[in-house]
Every structure is written in structure tokens, then in C-alpha cells.
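Please keep the sequence and the model in view while reading.

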Amino acid sequence: MIQFERLHKSYQVGERTVSALQPLDLTIQRGEVFGIIGHSGAGKSTLIRLINRLEEPSGGRLVIDGQDVTALDSDGLRALRRRIGMIFQHFNLLSSRTVAGNVAFPLELAGTPADAVQARVAALLETVGLAAHADKYPAQLSGGQKQRVGIARALATDPQILLCDEATSALDPQTTASVLSLLSRINRELGLTIVLITHEMDVIRRVCDRVAVLDAGELVETGPVTEVFLHPGHPTTRRFVSESEHVDEGELHRDFAAVGGRIVRLTFLGGDTYEPLLGRIARTTGVDYNILSGRIDRIKDTPYGQLIVSLVGGDLEAAQAAFIAAGVHVEELRR
Ligand code: ADP
């Protein structure tokens, strides 16, 4: 659906050229929720704004749905932007217009007849759960409600792609969860391709199918969220994951010094998460185990468990082989 081919961007600041995005190759599939994570200044906003050409690329090609959008003229660009909705961290609502008026705005710009606008706005407000608030003004709404207006407005022209620019960063955790589940539902029910940027791994974990990690303008890791989240390769990715799990790696390794045996990280994914494997394998191999840290959660719809255990006595090699044979990923942290 969206293909970046050596796309790059630099800014001219006085005499200096600042590179915001190194030449980047990336393909985003139709119908997926694709997350881009990075720290402040990593190039996330630049990347997402290149998709609807709010930023002009310095070079390379961007192909959307088979069309080279880097070559579009202004008419082509207007047509492109009707196919791409966008929501923002600070909502960007018009304060002098009601909720219904904000959602109607892009339809009015597109020259939609008034009765069609009214019907479409009513349906959109129903979708985002704001039917009862149509006549309120933005100042009378909570942050979560404002973002729902933003989502309804972004969907008004029936786009194929929705861009989310730190859409939940200004919201509290509970509101974040409800906005993210609305985005998931829209993705599922409308088949919309969603591209979101965030600095929070938790946002990626809850809604994204695949993720790209940006570090200082460079794409350092990309893949399915289950892969990148559970087996991060790049130090930046590892930092995001340990921050989101509130794990202090240094503290954990100090704890290891106090326990004996072999220390392994066991990762269970999907149905295996709920199997009583640990006890069964301990019994059959005579290995004792001690759980040092653990987490059972979900990545989008997939349950996973990750345990750090020390294994003592018995047949350690047989125990490890049994875990692997049962589909558990085993990483030795200390032999
Ligand atoms: P992020 O969204 O990840 O915080 P940005 O895409 O905003 O990162 O910025 C990436 C880099 O490009 C930063 O070093 C930033 O200072 C620089 N940059 C962004 N916009 C401009 C601009 N209009 N002029 C000059 N430099 C910019």
C-alpha cells in the first residue's frame, strides 16, 4: 500500500544541512496497523508527514497504491490527501465549530451536498460514540472525546489510510486504551491501513501488527511486533522494551548474583502461554526452578508469557530441550 524507496529528508538551517531522515526503504501492507517508534528527534514526524506530502522529500520515491506520489502536481496532491486521513496529538479542532461542524468541515471542502453531509456526520459520530455530543463545542469535551472528533473528521472523506501523529500522547492511560481500541475496531471493520507514530512501546504492543524502530533518522529494526517486542535486536529497541516493562536490567543482573543455577529467559507465545509446561518439565527432568521475574500479557490479540527462571539440579540439558520441543523460546542469560 505504501512503499518508501530510498526516501530521505534533510532541512536547511542557515548554512547547515540537517539530515532528519536517512534514505529509507520500507513497505507498509494494505490493511495493517503499522507503528513507527522512536525517541524525540528520531525523525518520526518527518516520516509520517512525508506520506501525505505535508513535507517534501529531499530525494527518493514514495509509492502509494501503485502511484508515485513524489511526482504529483497540486491537483493530484489534493486527490491524494482525500484518501489519507490524519489525527494529531493536540487534536487540531476548530474551536468555533461544534462537534458536528468539525466533522462536516472536510466534506464541505470537498463540495458534498448539505443533506449528504448531515447523514454522513451522524453516521460518523455514531461510529466514534459521540452521537449525544454533536452540538457541543470542543472546549466542552474531554481529551478522549476531542480525539474521537478528530478520528470522525479524519474518516469523513472515506480515506484508505489513516495517519496517527502521537494521537494518544496527551491522554491519560485509561483514555489512551479506549482510543486505541477504537482505532483497532476501525482498522478491522473498515479495512483501513493505519500508520501511527509514538514514543511508547505500549501503544505499539496494543494495536500494531508490525513496527519500525527509528533512531537518529535511521531505520534500525523492523518486523512483526511479536518478533521485535519479544526478541529485540537493536539496543534502542531493547531500551524501549525494558522501559515499557519497567524492568531495570542492572537491578535484575544484581539479583542474579544472589541465586544459583542456570538462568534462562523463557518466552511462550500464543496458546502455549496457558500450558502448565514449567511444572511438567521440572517433574520429568528432576530440575528445580525459581521464578525471578515474569510477565503474562498480550501483544494485540496474541497472549504471551516471558519468565526469567533459574534452573537447579536434575538434567538441565533435557529440560532446555523439552522447552524448545514444546515451542518455547529459550535464551540463556547465565550458564
Ligand atoms: P520526531 O518526530 O521523532 O521527534 P522530527 O521528525 O520532528 O523527529 O525531527 C527529526 C530531526 O529533524 C530533528 O533533529 C529535528 O530537529 C529536525 N527538524 C525537524 N523539522 C525541522 C525543520 N522544519 N527545520 C529544521 N530541522 C528540523
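## What counts as a pocket

On a 1 Å grid over the protein atoms alone, a pocket is an open set of points where a 1.4 Å probe fits, with protein on both sides within 12 Å along at least five of seven lines, and its lining residues have an atom within 4 Å of a point. Grid points are joined across faces, edges and corners, and a volume is the space filled by probe spheres set on the points.

The structure is a predicted model, in which local features need pLDDT of at least 70, side-chain atom pairs count only at pLDDT 80 or more, and totals for chains, interfaces and linings use all residues. Residues are numbered from 1 along each chain as its sequence is written, and side-chain values use heavy atoms, with hydrogens and water left out.

## The second largest pocket

The second largest pocket has a volume of about 520 Å³. It is lined by 24 residues, and V241, E245, E249, R265 and Q306 are the closest to its centre.

## The largest pocket

The largest pocket has a volume of about 650 Å³, and among the 20 residues of its lining, R81, I84, M86, P106 and L109 lie nearest its centre. Two or more lining residues come from each of α2 (74–82), β6 (84–88), α3 (99–109) and α5 (143–155), where helices (H or I, at least four residues) and strands (E, at least two) are DSSP runs numbered from the N terminus. The largest share, five residues, belongs to α2.

## The whole protein

The protein has twelve helices and 14 strands, and its C-alpha trace spans about 75 × 55 × 35 Å along the principal axes.
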